[in-house]
Amino acid sequence: MSTTVFVARRIVTMNCSIPLATHLAVRDGRIIGVGDASIASQFGPAVIDDRFADSVMTPGFVEGHGHAIDGQMWRAPYAGYYPRTAPDGAHHAGLRSIAAVTADLRRHEAALVDPAQPLIAWGFDPIYFDGPRMTVADLDSVSATRPIIVAHVSGHIYNVNSAVLERCGFSRDSNIDGLLRDAAGNLTGELQGPAVMGRAARTVGDAGLLRALDVPGLRAYGAIARRVGVTTSTDLANALTETNLTALRGATAEADFPIRLVPAMRAREYSLTDGIALISQLRSQSTDKLHFGMVKLVVDGSIQGFTARLRWPGYHNGAANGLWYVAPAELGAIVEAYHRAGVQLHIHTNGDEASELATEMVGRAIAAHPRPDHRHTLQHCQMADEAIFRRMAANGMCVNLFANHIYYWGDQHAAITMGPSRAQRLDACATALACGVPLAIHSDTPVTPVNPLFTMWCAVNRLTPSDRVLGPPERITQAQALHAVTLGAAWTLKLDHKIGSLDIGKFADCAVLADDPLQVAPEAIKDISVRGTILGGQVFAAS
Ligand SMILES: [Zn+2]
């Protein structure tokens, strides 16, 4: 049995007994020793690997809320506001007006040969633009005959042209939730929520986060994730169809697949009985690189899309309250059924009304069927206040806060959706910790780019693009932020005994960095370069 000893300038272990080290001994993919140079000879003959002797190692980062479809997004044109880099390294400048978006769509439209092929773009968000939102007329100016779908970056809204409305049978007279109308009652082409978006996806083509996965897409996602130091990522809404399962098993079986994947089953794909049966059966089929067991439930939409459910006083700009993706009367039964079956729930709630309701329903399920250590987790939970966090703590729930939102939408939340007072508690990491709620932080990639060092930077600095510090008391320390992207996230996945810290018996999963995220200036965390990762003792150099 061969042992490899990795040498680093400094190893931040997140392991309380040995917090700092310089040497990490690995056998069979797992950590057998951690400490100083003296451990090199403690485990028999060892190969010394000192290629990172100049670098800092931390536990490999854990993306507790990502979507593996990220690896496939770039097959469609990007219509986002912020500049973004594709997996192949191509840099896309942001599109800074609706006119710029339609001009870019025209360019892509002209390049399509088959007149029947739909034009599907992603990454759009009109909240950054003054003036009217995108309309059917805007997209008809690109083409009124070719179906066009522009997916919002939140994943919760589409804009479509008249060709799509027609094919879906959506008209002025349609009586269905989620069709936005202008003052005269005409459809604006904005489709909000799963009912109407689902029909467009089935009829025209899917632009969303729930498309079928394939092996090349998963490989691309693995490459994106490892470049930013991630060694374990969730795929937090997966239908777990045969197609998806085949892709997940195929990619993770490849020897050089660089990350562990943790898919969460979309509860709404199945009846309660079928869903519980499927997830229970899959749990026993987990491997070292593919872990089944979690279930995802989405309660509301997105705050910046005005589809999240807010408590009084509602949206700051007076917009109507958002959508329930699950009828409140139904939510309790779903939560109770999965809870009772021993399954862990990851529940998407953006608005505070949704977070409060989900917390209430988890509380009821626990009262009816007490179960220790369920670790039901609210995902995003962006507007929770102290009272909600206290109830979550009392219920034994965890939270995974969307810290990247502070940068990408913080200014818009302060000005438009939540208003300046409530926006102070956007993704309130410090309050969650003070209330004793186990904390993770995330990117929701592709909603924002996966990059745990950037996510740490957001939670530590709370800076927006206008250089405002949004809710200074909610800033957390660098150590708390590093915990939230390693052991904290691992805890929410019930994988903290295997990953998240560098401790004896755990997988040898590391991020290799140019500097120590606990020692650089807080503003510099996002600029630390990632030199590579180690997954189960296998080195992936950053390239
Ligand atoms: Zn998500």
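**Notes on the predicted model**

1. Domains. The domain assignment of the protein chain gives domain 1 (72-203) and domain 2 (299-476). As this is a predicted model, the points below describe computed coordinates. The C-alpha centres of domain 1 and domain 2 are 27 Å apart.

2. Contact between the domains. Domain 1 puts 16 residues into the contact, and domain 2 puts in 13 residues. On the domain 1 side, the residues that touch domain 2 divide by class into six nonpolar, seven polar and three charged.

3. Nonpolar core. The largest nonpolar core has 171 residues. Leu24, Ile149, Ala200 and Val299 are the members with the most contacts inside this core. Helix α10 (residues 352-368) gives the most to the core, namely seven residues. As background, nonpolar side chains in soluble globular proteins tend to be buried together.

4. Leu24. This residue is one of those with the most contacts inside the largest nonpolar core. Leaving aside residues up to four places away in sequence, Leu24 touches Val5, Phe6, Ile11, Ile31, Val34, Met57, Leu502 and Ala508.

5. Strand β9 and its partner. Strand β9 (residues 119-124) is mostly covered, with six of its six residues buried. β9 pairs with strand β10 (residues 148-152) in the parallel sense, over four bridges. Within this pairing, Ala121 stands opposite Val150 in β10. Ile149, listed above among the residues with the most contacts inside the core, falls within the residue range of β10 (148-152).

6. Strand β22 and its two partners. Strand β22 (residues 530-535) is mostly covered: five of its six residues are buried. Strand β21 (residues 510-513) is joined to β22 by four bridges, and the two run antiparallel. Here Cys510 stands opposite Ile534 in β22. β22 also pairs with strand β23 (residues 538-541), in the antiparallel sense and over four bridges. In that pairing Thr533 stands opposite Phe540 in β23.

7. The β22-β23 hairpin. Which residue takes a positive phi in the hairpin of β22 and β23? It is Gly536, with a phi near 55°. The hairpin has two residues between the strands.

Notes. Residues are numbered from 1 along each chain as its sequence is written. This is a predicted model: local features need pLDDT of at least 70, side-chain atom pairs count only at pLDDT 80 or more; totals for chains, interfaces and linings use all residues. Domain bounds come from an automatic or database domain assignment. Two residues are in contact if their C-beta atoms, placed from the backbone, lie within 7 Å. Ala, Val, Leu, Ile, Met, Phe, Trp, Tyr, Cys and Pro count as nonpolar, Asp, Glu, Lys and Arg as charged, and the others, Gly among them, as polar. A nonpolar core is a set of buried Ala, Val, Leu, Ile, Met, Phe, Trp, Tyr and Cys residues joined through C-beta atoms within 7 Å. A residue is buried if 20 or more other C-beta atoms lie within 10 Å of its own, exposed if 12 or fewer, and partly exposed in between; C-beta atoms are placed from the backbone. Two strands pair if DSSP finds at least two bridges between them.
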